[in-house]
Amino acid sequence: MRIGILGSGLMGGKLGTLFARAGHEVVFSYARSEQKLKRLARQAKGKARAGTPRDAAQGADAVLLAVHWSRMDDVLGQAGDLTGKVVVSCSLPMNDDDTALVVAHTSSGAEELARRLPGAHFVSAFNTVPSEVLFEVYGAKRKANRPSLVYCGDDRTAKKAAVRLIRDIGFEPLDAGPLRIARYTEPFALLVAQLAYEGKRGPQLAYRFEWR
């Protein structure tokens, strides 16, 4: 697959690197400097390169949306028309100082983005694990017991692409259902991040989703 990374920060940079190492063609875009994008592409190796958000989106089979909520308008404006694209979002709708979700309970950031991109194949994934574990999981991906990674969405095409990408980086995909489930996974993702960054040695978490 050709994957455009819109937002090459902590999560986008690591996921893009792993996608490239798994054999996908990756275009890194939207970082603080062009030098950082070029460095990411060199470190990722494989078929990875630096570009603009428009470069990343054009011709992509999938686009990873991994920017801070405050920069969403800017990156989407630079990327251009995403109609017909698979858009995989791992962005949480955080306020400017990253202390709370600005969309929650009756909706989610994923649902808001899906409404803004009605022509795209949209799915929410990759935000229920701290970015710090990604390389370790990828390094052990041939082991029988893979950790689960939750995704949700209403679009079959997008979900199919998400499943492939999730497996390619060493996780077992866990379909949490329709996109409205992001109302529950996004606060959970925030909790996981807080535990990971504030705990002494990071959390060991077990969780279960049940449908009735």
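Select N127 to begin: this residue counts as buried because its relative accessible area is 8%, where buried means under 20% relative accessible area, exposed over 50% and partly exposed in between, with a 1.4 Å probe and protein chains only. The model is a predicted one, in which local features need pLDDT of at least 70 and side-chain atom pairs count only at pLDDT 80 or more, while totals for chains, interfaces and linings use all residues. Residues are numbered from 1 along each chain as its sequence is written, and side-chain values use heavy atoms, with hydrogens and water left out.

N127 sits in the loop between β6 (121-125) and α6 (134-139); helices (H or I, at least four residues) and strands (E, at least two) are DSSP runs numbered from the N terminus. Leaving out residues up to four places away in sequence, N127 touches C90, S91, L92, E186 and A189, contact meaning heavy atoms within 4.5 Å.

Next, select I169, in the loop between α7 (156-168) and β8 (172-175). I169 is buried, with a relative accessible area of 0%. Apart from residues up to four places away in sequence, I169 touches L15, L18, F19, F126, L134, V137 and Y138. If you also display G153, you will find its C-alpha 20 Å from that of I169, at a separation of 16 residues in sequence.

Helix α1 (residues 10-21) has twelve residues and reaches 17 Å from its first C-alpha to its last, close to the 16 Å expected at 1.5 Å a residue, the expected span being 1.5 Å times one less than the number of residues. Ten of the twelve residues of α1 are buried, so the helix is mostly covered. Just after α1, G23 takes a positive phi of about 110°.

Finally, select R2 in strand β1 (residues 2-6), which counts as buried at 14% relative accessibility. The side chain of R2 reaches the backbone oxygen of D55 at 3.3 Å, and a polar contact is a pair of N or O atoms within 3.5 Å; within protein, one must be able to donate a hydrogen and the other to accept it, and residues adjacent in sequence count only if both atoms are side-chain atoms.
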